[in-house]
Amino acid sequence: MPAYHPQINYPEAPLQCRPWLRDLYHPSLQAGKELEQCQRQADEVTEIMLNNFDKVLERDGKLSELEQRSDQLLNMSSAFSKTTKTLAQKKRWENIRWRICLGLVVGGGLLIILIVLLVIFLPQRSEGSSGPQAQDSGAASGPGD
């Protein structure tokens with residue numbers, strides 16, 4: 001195969017008619033094609049890398065926004081937890097107070113009923129018990145007369 005010399009003018013017709021002859025006449029053209037192909041591939045890889053880098057930056061922004069939202073939710077949940085604990089304690093004391101009041105009302109009602117029953121039945125027993133005591137005292141004084 002003859003060597004390529006840049007100073008020598010090679011005929012153009014055979015190259016146009018038979019493309020495979022181009023490599024024979026101009027070996028530097030083959031290297032130029034390979035270089036061009038490598039450059040295109042490098043450009044494609046560079047473009048893909050830039051797209052990936054942009055996507056990474058977008059994800060980073062979304063992740064930071066998501067982190068801020070999660071911090072806000074955490075703060076809101078802790079405030080909600082404190083509020084519910086306070087409210088539960090308040091309602092518990094309110095429930096205890098109502099039970100105490102209800103117990104006092106029921107106890108007072110039972111006490112009133114007990115007093116009324118004692119007033120009703122106790123004087124009858126004292127009247128009834130004073131009568132037999134008088135008979136007993138009369139009977140006791142009778143035989144001694």
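Reader: Is Ile113 buried, partly exposed or exposed, and at what relative accessibility?

Author: Start with the cut-offs. Buried means under 20% relative accessible area, and exposed means over 50%. Partly exposed lies in between. Ile113 has 49% relative accessibility, so this residue counts as partly exposed. Keep in mind that this is a predicted model.

Reader: Where does Ile113 sit?

Author: Ile113 is in helix α3. That helix covers residues 27–141.

Reader: What is the accessible surface of the chain, and what part belongs to carbon and sulfur atoms?

Author: The accessible surface comes to about 13100 Å². Carbon and sulfur atoms account for 63% of that surface.

Reader: How many of the residues count as buried, in percent?

Author: The chain has 145 residues, and 3% of them count as buried.

Reader: How many helices and strands are there in the chain?

Author: Read the elements from the N terminus on. The chain has three helices and zero strands. Their order is α-α-α.

Reader: How far can I trust each element? Which has the lowest mean pLDDT, and which the highest?

Author: First the general rule. Where pLDDT is low, the predicted coordinates should not be read in detail. Now the case here. Helix α1, residues 13–17, has the lowest mean pLDDT among the elements, at 49. Helix α3 has the highest, at 86. The chain as a whole averages 79, and 64% of the residues score at least 70.

Reader: Now the charged side chains. How many salt bridges does a search of the whole structure find?

Author: The cut-off is a nitrogen of Lys or Arg within 4 Å of a carboxyl oxygen of Asp or Glu. By that test, the whole structure has three salt bridges.

Reader: Which residue meets Arg40 in a salt bridge?

Author: The partner is Glu36, at 3.6 Å from N to O. Check the spacing along the sequence next. Both residues lie in helix α3, four residues apart, about one turn of the helix. Arg40 has a relative accessible area of 47%, so Arg40 is partly exposed.

Reader: What does Glu65 pair with?

Author: Glu65 forms a salt bridge with Arg69. Their closest N and O atoms are 2.9 Å apart. This pair also lies in helix α3, four residues apart, about one turn. Glu65 is partly exposed at 39%. Arg69 is partly exposed at 49%.

Reader: And which residue forms a salt bridge with Glu94?

Author: That is Lys91, with the closest N and O atoms 3.9 Å apart. Glu94 and Lys91 are three residues apart in helix α3, so about one helical turn separates them. Glu94 has a relative accessible area of 29% and is partly exposed. Lys91 is partly exposed too, at 45%.

Reader: What about cysteines? How many disulfides does the structure hold?

Author: A disulfide is a covalent bond between the sulfur atoms of two cysteines. The structure holds zero disulfides.

Reader: Are Cys38 and Cys101 buried or partly exposed?

Author: Cys38 has 48% relative accessibility, so Cys38 counts as partly exposed. Cys101 has 42%, so Cys101 counts as partly exposed as well.

Note on methods
Residues are numbered from 1 along each chain as its sequence is written. This is a predicted model: local features need pLDDT of at least 70, side-chain atom pairs count only at pLDDT 80 or more; totals for chains, interfaces and linings use all residues. Side-chain values use heavy atoms; hydrogens and water are left out. Helices (H or I, at least four residues) and strands (E, at least two) are DSSP runs, numbered from the N terminus. Buried means under 20% relative accessible area, exposed over 50%, partly exposed in between (1.4 Å probe, protein chains only). Accessible areas come from the Shrake-Rupley method with a 1.4 Å probe; for residues, only the protein chains shown count as cover. A disulfide is a pair of cysteine sulfur atoms within 2.5 Å. pLDDT is the predictor's confidence in each residue, from 0 to 100.
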